[in-house]
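Visitor: I would like to go through this model and ask what stands behind each label. Please set the values against the cut-offs.

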Amino acid sequence: MPAMPDSSAPPLLGERIFALPDEAATEAFAAAFARVIVARMAHTDAAHAGLHVQLSGDLGAGKTTFVRALLRALGHTGRVKSPTYALCEPYNIDTPQGALPVYHFDLYRFADPAEWHDTGFREHFAGDALCLVEWPEKAEGLLGTPDLRLWLEPVGDSRRLTTSAYTPAGLACLNSC
């Protein structure tokens, strides 16, 4: 698993590895993570309830599959599009704890990290939003410190998910999954 792309990355607070032998296991992990997010909303001031989650892995590793499963587990019933061309797909999900703004980013098409500044998406990372970023390495550390980083990698016919926490909020989520 590669290190955080930003050489000034904060210290790792915790890490766990999960075996995901099939798509059902990915969906089960996403459902567990969704329960943690909703529970966190109930115990956190809305202005500080947001989470920044970075998803890394090769093409076909399962990043978008995980995001789709997470959004469905959070209660989204509509179509979940890959933001490969749009760069960001916004969702407003009604949860038992209230509305949850979610921004799903895909930076795969970035040719230059400076493109991050041009997008104007920085404001989405403040406050109560759940920001899910695929291909964060394409922004070369300009995204700031993630709460969690999820690294998906194929292992034979299954996947391994390495979860790394870089903030106390991320560590709390990690320890609850």
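Visitor: Why is Ala-126 called exposed?

Guide: In this predicted model, Ala-126 has a relative accessible area of 55%. Exposed means over 50%, so Ala-126 counts as exposed.

Visitor: Where is Ala-126 placed, and how far in space is Ala-126 from His-52?

Guide: Ala-126 sits in the loop between α3 and β5. Along the sequence Ala-126 and His-52 are 74 residues apart, while their C-alpha atoms are 9.4 Å apart in space.

Visitor: What makes Ala-111 buried or exposed?

Guide: The relative accessibility of Ala-111 is 76%. The cut-off for exposed is over 50%, therefore Ala-111 is exposed. Ala-111 belongs to the loop between β4 and α3.

Visitor: Why is Tyr-108 called partly exposed?

Guide: Tyr-108 has a relative accessible area of 29%. Buried means under 20% and exposed over 50%, with partly exposed in between, so Tyr-108 is partly exposed. The loop between β4 and α3 holds Tyr-108.

Visitor: Which residues does Tyr-108 touch, leaving out those up to four places away in sequence?

Guide: They are Leu-59, Trp-135 and Lys-138; contact here means heavy atoms within 4.5 Å.

Visitor: How do you know that Trp-135 is buried?

Guide: Trp-135 has 12% relative accessibility. The limit for buried is under 20%, so the label for Trp-135 is buried. Trp-135 lies in the loop between β5 (130-134) and β6.

Visitor: Which residues are closest to the centre of the largest pocket?

Guide: The largest pocket holds about 160 Å³ of space. Of its 13 lining residues, Leu-59, Lys-63, Thr-64, Glu-134 and Trp-135 are the closest to its centre. Helix α2 (residues 63-74) contributes the most to this lining, with three residues. Sorted by class, the lining of the largest pocket consists of four nonpolar, six polar and three charged residues.

Visitor: How many cavities of 30 Å³ or more are there?

Guide: The count is two. The second largest cavity has a volume of about 40 Å³. Its lining is made up of Phe-18, Phe-29, Phe-33, Leu-148, Leu-150, Thr-163, Leu-174 and Cys-177. Two or more of the lining residues come from each of α1 (23-43) and β6 (148-155).

Visitor: Why is Thr-95 called buried?

Guide: The relative accessible area of Thr-95 is 10%. Buried means under 20%, so Thr-95 is buried. Thr-95 is in strand β3. Apart from neighbours within four places in sequence, Thr-95 is in contact with Val-38, Met-41, Leu-74 and Leu-100.

Visitor: How do you know that the side chain of Thr-95 reaches the backbone oxygen of Gly-98?

Guide: The distance is 2.7 Å, and the cut-off for a polar contact is within 3.5 Å.

Visitor: What makes Pro-96 buried or exposed?

Guide: Pro-96 has a relative accessible area of 76%. Exposed means over 50%, so Pro-96 is exposed. Pro-96 lies in the loop between β3 (88-95) and β4 (98-106). The C-alpha atoms of Pro-96 and Tyr-108 are separated by 33 Å, the two being twelve residues apart along the chain.

Visitor: Why is Ser-164 called buried?

Guide: Ser-164, in strand β7 (residues 158-165), has 2% relative accessibility. With buried set at under 20%, Ser-164 therefore counts as buried. The side chains of Ser-164 and Glu-15 make a polar contact at 3.0 Å.

Visitor: Where in the protein chain is confidence lowest, and where highest?

Guide: Helix α3 (residues 115-119) has the lowest confidence, with a mean of 76, and strand β1 (residues 14-20) the highest, at 96. The protein chain has an average pLDDT of 86, and 92% of the residues score at least 70.

Key: Residues are numbered from 1 along each chain as its sequence is written. This is a predicted model: local features need pLDDT of at least 70, side-chain atom pairs count only at pLDDT 80 or more; totals for chains, interfaces and linings use all residues. Side-chain values use heavy atoms; hydrogens and water are left out. Helices (H or I, at least four residues) and strands (E, at least two) are DSSP runs, numbered from the N terminus. Buried means under 20% relative accessible area, exposed over 50%, partly exposed in between (1.4 Å probe, protein chains only). pLDDT is the predictor's confidence in each residue, from 0 to 100. On a 1 Å grid over the protein atoms alone, a cavity is a set of points where a 1.4 Å probe fits but cannot get out, and a pocket is an open set with protein on both sides within 12 Å along at least five of seven lines; lining residues have an atom within 4 Å of a point. Grid points are joined across faces, edges and corners, and a volume is the space filled by probe spheres set on the points. Ala, Val, Leu, Ile, Met, Phe, Trp, Tyr, Cys and Pro count as nonpolar, Asp, Glu, Lys and Arg as charged, and the others, Gly among them, as polar. A polar contact is a pair of N or O atoms within 3.5 Å; within protein, one must be able to donate a hydrogen and the other to accept it, and residues adjacent in sequence count only if both atoms are side-chain atoms.
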